[in-house]
Amino acid sequence: MRIDKRLVLIVAAALGAAVPGVAAADDAVSESDRFFLTEAENACASGDFPAFLWPYANSAAVRARYTALMVVTGAADSAREEAADLYLARDDFPIVMIDYSYVTGASARRFDVEGDPARLDYVAVDFGTLADDGARVDWVPGRFEPGEGDGPGTLIEKTGPGGRLEFERTIDCWRLTGDIREAAGAR
């Protein structure tokens with residue numbers, strides 16, 4: 001019987017076994033991603049979904065670990081399932097946390113290039129629950145009236161299309177199953 005060594009390595013890596021050469025993939029994870037992976041694990045252990053969303057939104061490594069094999073994406077009326085590797089390869093997660101506020105992923109990427117914080121588009125984030133202890137995050141960009149404490153303040157005007165993220169509860173954490181966005185013309 002012929003055994004495909006690549007398949008054995010993939011299965012062993014998926015099961016967390018120590019396989020020579022597979023550990024090199026962990027070495028490629030940045031210090032920042034290691035930090036976010038630890039933060040995600042801590043949030044999972046404590047059952048704190050809002051604390052989990054922060055590392056999920058800010059780290060591709062966390063998204064790779066905690067995304068379902070298939071993700072429902074697109075606009076609500078035309079959403080479709082796509083393989084996680086295709087979804088993740090776009091590197092287009094819709095929100096990112098900067099300081100204590102969520103901003104659109106697109107404006108965070110502009111900020112990384114241009115360095116102009118005035119171009120950040122802040123978003124309101126609303127946490128909800130789904131069946132079977134799943135979590136839902138509704139987000140919308142807008143103008144905010146400054147409030148007390150951290151964050152952008154109180155939403156006073158929606159400035160663009162938003163969306164929702166859906167996470168199913170797993171035995172020990174959550175995983176993204178849906179990234180549904182409003183159409184570009186929606187307000």
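Student: What makes the largest pocket a pocket, and what is its volume?

Tutor: Its volume is about 480 Å³. Of the 15 residues that line this pocket, the closest to its centre are Ala-64, Arg-65, Tyr-66, Thr-67 and Arg-175. The search runs on a 1 Å grid over the protein atoms alone, and a pocket is an open set of points with protein on both sides within 12 Å along at least five of seven lines. A cavity, by contrast, is a set of points where a 1.4 Å probe fits but cannot get out, and in both cases lining residues have an atom within 4 Å of a point. Grid points are joined across faces, edges and corners, and the volume is the space filled by probe spheres set on them. Keep in mind that this is a predicted model, in which local features need pLDDT of at least 70 and side-chain atom pairs count only at pLDDT 80 or more, while totals for chains, interfaces and linings use all residues. Residues are numbered from 1 along each chain as its sequence is written, and side-chain values use heavy atoms, with hydrogens and water left out.

Student: Which element gives the most to the lining of the largest pocket?

Tutor: Strand 1 does, with three residues. Helix 3 (31–46), helix 5 (60–65), strand 1 (67–74), helix 6 (84–89) and strand 9 each supply at least two. Helices (H or I, at least four residues) and strands (E, at least two) are DSSP runs, numbered from the N terminus.

Student: How many residues of each class are in that lining?

Tutor: Nine are nonpolar, two polar and four charged. Ala, Val, Leu, Ile, Met, Phe, Trp, Tyr, Cys and Pro count as nonpolar, Asp, Glu, Lys and Arg as charged, and the others, Gly among them, as polar.

Student: What lines the largest cavity?

Tutor: Arg-63, Tyr-87, Leu-88, Asp-91, Asp-92 and Phe-93 do. By class, that lining has three nonpolar, no polar and three charged residues. About 40 Å³ of space lies inside, and the whole structure has one cavity of 30 Å³ or more.

Student: Why is the pair of Phe-52 and Tyr-56 called tilted?

Tutor: The whole structure holds 13 aromatic pairs. For Phe-52 and Tyr-56, the ring centres are 5.8 Å apart and the planes stand at 40°, so the pair is tilted. Rings of Phe, Tyr and Trp (its six-membered ring) pair if their centres lie within 6.5 Å; planes under 30 degrees apart count as stacked, over 60 as edge-to-face and the rest as tilted. The two residues are four apart in helix 4 (residues 49–58), so about one helical turn separates them.

Student: Are Phe-52 and Tyr-56 buried or exposed, and how do you know?

Tutor: Phe-52 has a relative accessible area of 0%, so it is buried. Tyr-56 is buried too, at 0%. The rule is that buried means under 20% relative accessible area, exposed over 50%, and partly exposed in between (1.4 Å probe, protein chains only).

Student: What makes Phe-52 and Trp-174 a tilted pair?

Tutor: Their ring centres are 5.4 Å apart and their planes at 40°, so this pair is tilted. It links distant parts of the chain, with Phe-52 in helix 4 and Trp-174 in strand 9 (residues 174–181), 122 residues apart. Trp-174 is buried, with a relative accessible area of 4%. Phe-52, Tyr-56 and Trp-174 are among the members of one aromatic cluster, which also includes Phe-49, Tyr-66 and Phe-93.

Student: How do you know that Arg-169 sits over the ring of Trp-174?

Tutor: Arg-169 lies over the face of Trp-174, at 4.2 Å from the ring centre. The rule asks for NZ of Lys or CZ of Arg within 6 Å of the ring centre and within 35 degrees of the ring normal.

Student: Why is the contact of Arg-65 with Glu-41 called a salt bridge?

Tutor: The closest N and O atoms of Arg-65 and Glu-41 are 2.9 Å apart. A salt bridge needs a side-chain nitrogen of Lys or Arg within 4 Å of a carboxyl oxygen of Asp or Glu, so the contact counts. Arg-65 in helix 5 and Glu-41 in helix 3 are 24 residues apart, linking distant parts of the chain. Arg-65 is partly exposed at 45% relative accessible area, and Glu-41 is partly exposed at 39%. By this rule the count comes to 14 salt bridges.

Student: Which residues are linked in a network of salt bridges?

Tutor: Asp-92, Arg-109, Asp-179 and Arg-181 are. Within it, Asp-92 and Arg-181 meet at 3.1 Å, N to O. Asp-92 is partly exposed, with a relative accessible area of 29%, and Arg-181 is partly exposed at 24%.
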